[in-house]
Amino acid sequence: MLALLVAVSLILLTAYFGETPSSPLHNVQRGVVEVLSPVEQGASKVLAPVRSVAGWFSSTFHAKTQVKQLQQQVARLTNEYAQAKGALLQNRQLTAELHLDDSLNLNSYRPVTAQVILRDPTLWYQTISVDKGTDDGVGLHDPVIGDGALVGEVTEVSATASFVTLITDHTLSVTARVLDANGDTGELVPAVGNPDELVLQYLQPPNPGQVQNGPQQGQLVVTAGFKSGPLESYFPANIPIGNVLPVDENQLLNNGTIQVAPQANLRSVDVVQILTKPQPGTERAQVP
Amino acid sequence: MSNAVKLPIRLILLGFFAVVIQESAVSQVSIFGVSADLTPLVVMSIGLLCGSLTGAVFGFATGLMIDLILVQTLGVTSLLYIVIGYWAGRLHELRDPSHELVPLVVGAMAAAFAGLGMAVIQFLLGVDAPVSLLLLQQIFVVVLVDTLLALPVYALVRRIVRPVLPEDPRRRRRRAYTTGGLSPLQQGAARRTTFTRPKPL
């Protein structure tokens, strides 16, 4: 009996691992999610007070350590906001003059607010389940934001629920840009086992004499968003992701990598926004 | 309804609710930066109470359900939980440990096996991202938190399962030895007044 159970597990593992997302085992999994999602939503609502009480204790202990850090951040961001406001106005004018493709603009997405109903406790699968699905316009690979920053991407979707793979999951990578003098762009991947850190790799190493123009601690990292012919990034440009952690110059010059702290608190995010893209033919014409 | 029918029903309900409560509530509460994982503790408790075969089947079913509802690679969690359930059951069958702290130790080992086993399987399946050494620290903290929860979880599972468990002959023999051959219920009043422990041989 034991050998049979082990054999079934190994067969499932092997079959699932080599299958495409439209294969029978994946369909069974989607069916189970579809059937159980109302139960999960109900359980999530019933157990919300328990989570709130536990979360309150956790937040209170954490809040004191954050006050000073947040005060410094507010001062820095106020300064940056003033600069960004001017740049935005200029950008709008130039975009209109040059007739640039606006389809990757964040404003072209419709945010759908969703509640987290399940969370994977393991350190390896950093996924959450939310209570919105295709019935609400959610599609596969839609970007998901929470706490004002990128949280992840929709990787499984049913009629009433969706699974979001977080940016700290080892299967997800994002093309990201550092808002420094050079606008350095690289691939953002998680540091598996450390949910408070991401690794921005494949950066163009700065010249040794011009390190100050490269990434610096505290600078904002945003999604790069690209479009090249039929290839298009799942993530629109300029969604904040996190801030650059203290830069190790040797690592930057030799490997082209820096560490980034995610801005969203991925362990305690309860409400997220799924950026759904309007389906072709559903946009409304507007007279200017 | 006989106990032979009641036991599987209770185990199915216990497994279902354990997974739902774990994923809907417990995993969303952060303790020392990690989430407690009660499911290996429930599997361990069933193994300790019901034996190796029941433990292994319960572990397989619970693991499969987790993999299904969390849209993970099927078979990974069930493979780990089969071992936890079977191993805890074998401990019960071979040694029948009666110390109150046994669930604490077995729970810690179950949590450590689940954490490290998952890491090994993930490495075998391939990891596309750099792995931080903090992973070991995180696994350690999860094991610590699970160890603290092992006794209450075991007590709760025992409360649910014990009334429908078949009588274990070894437990009956042990009780006869420590109570002078009578059930504690039958000689309760006598014990309160003139209880004398049998002399060691």
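In this predicted model, chain A has 6 strands that close into a barrel in the order E1-E2-E5-E4-E3-E14, and the pairing is antiparallel. Strands here (E, at least two residues) and helices (H or I, at least four) are DSSP runs numbered from the N terminus, and two strands count as paired if DSSP finds at least two bridges between them. From one strand to the next, the twist averages 45°; axes are lines fitted to C-alpha atoms, for helices over the stretch in contact, and angles run from 0 to 180 degrees between N-to-C directions.

H2(A) lies across E1, E4 and E5 (162–166) of chain A, at about 85° to E1(A).

Chain A also has a closed barrel of 6 strands running E6-E7-E8-E13-E12-E9, with antiparallel pairing. Ignoring direction, neighbouring strands of this sheet are turned by 40° against each other on average. Within it, E9 (residues 220–223) and E12 (residues 240–244) of chain A run antiparallel and are joined by 3 bridges. A:Val222 finds its bridge partner in E12(A) at A:Pro240.

Now for the partner chain. With contact taken as heavy atoms within 4.5 Å, 48 residues of chain A touch 52 residues of chain B. The area buried between the two chains is about 4,500 Å², and carbon and sulfur atoms give 73% of that; buried area is the accessible area (1.4 Å probe) that two parts lose on being put together, summed over both.

On the side of chain A that touches chain B, the elements giving two or more residues are H1 (2–18), H2 (24–46), H3 (48–98), E1 (110–119) and E7 (185–190). H1(A) gives the most, with 10 residues.

Residues are numbered from 1 along each chain as its sequence is written, and chains are lettered from A and ligands numbered from 1 in the order in which they are written. Local features need pLDDT of at least 70 and side-chain atom pairs count only at pLDDT 80 or more, while totals for chains, interfaces and linings use all residues, and side-chain values use heavy atoms, with hydrogens and water left out.
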